[in-house]
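Here are a few friendly notes to read alongside the model. Take the points one at a time, and keep the 3D view open as you go.

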Amino acid sequence: MEAVLFFIAAIGAIGGALGVVASRNPFYSVLALIAHLFSLAVLFLLLTSAFVAAAQVVVYAGAVMVLYVFVVAYVGEGGESAWEPIPGQRFLAPLLGVVLFVELSVAVLSSALKALGTHGPDVPAGFGDPAAIGTLLLEKFLLPFEATSILLLIAAVGAIVLANRKREESA
């Protein structure tokens, strides 16, 4: 049963990620990202990491995605891009994508084959509980944690400023 749930969540995560990249409509791209984040939460649950799964749903799929939906709704449709594509880009982009996929496949397969005979890492008893995660976030990783929140705030304010400037020019 766990294997079936894993493959369903993995397909959902990959499909959501592809939907983010492939969708031309920014609103549908955000919805695909929400589906991707929910699939990741299911994968975290399968790893017996309930706190990270709950944080994934509440923080990312909940609060951050609501912010993205509001920004996309506020900015509106962008239409076609203002710059011309690079000559040969339609041929070069899929080629680089295939090369990257082959490189990542070789890296994953070579490292996974070495781990087949092992029992995995030794994890201490309190690993992943909310107290340990809170200690890490508020002590060791406080600066990156706060820098990320400031970066998200700056991005949202910047999108609103650009949307207001665009509406003033068109009026």
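1. Let's begin with the rings. This is a predicted model, and the rule finds 2 aromatic pairs in it. One of them joins Phe 6 and Phe 7, whose ring centres are 5.3 Å apart.

2. Now step back to the whole chain. The protein chain is divided into domain 1, residues 1–78, and domain 2, residues 129–171. Taken over C-alpha atoms, the centres of domain 1 and domain 2 are 18 Å apart.

3. Next, look at where the domains meet. In domain 1, 10 residues are in contact with 10 residues of domain 2. About 830 Å² is buried between domain 1 and domain 2, and carbon and sulfur atoms give 72% of that area. Of the area that domain 1 buries against domain 2, Phe 51, Tyr 74 and Val 75 supply 60%, more than any other three residues.

4. What about charged and polar links? Across the interface of domain 1 and domain 2, the rule finds 0 salt bridges. On the side of domain 1 that touches domain 2, the residues divide into 8 nonpolar, 1 polar and 1 charged.

Terms used. Residues are numbered from 1 along each chain as its sequence is written. This is a predicted model: local features need pLDDT of at least 70, side-chain atom pairs count only at pLDDT 80 or more; totals for chains, interfaces and linings use all residues. Side-chain values use heavy atoms; hydrogens and water are left out. Domain bounds come from an automatic or database domain assignment. Contact means heavy atoms within 4.5 Å. Buried area is the accessible area (1.4 Å probe) that two parts lose on being put together, summed over both. A salt bridge is a side-chain nitrogen of Lys or Arg within 4 Å of a carboxyl oxygen of Asp or Glu. Ala, Val, Leu, Ile, Met, Phe, Trp, Tyr, Cys and Pro count as nonpolar, Asp, Glu, Lys and Arg as charged, and the others, Gly among them, as polar. Rings of Phe, Tyr and Trp (its six-membered ring) pair if their centres lie within 6.5 Å; planes under 30 degrees apart count as stacked, over 60 as edge-to-face and the rest as tilted.
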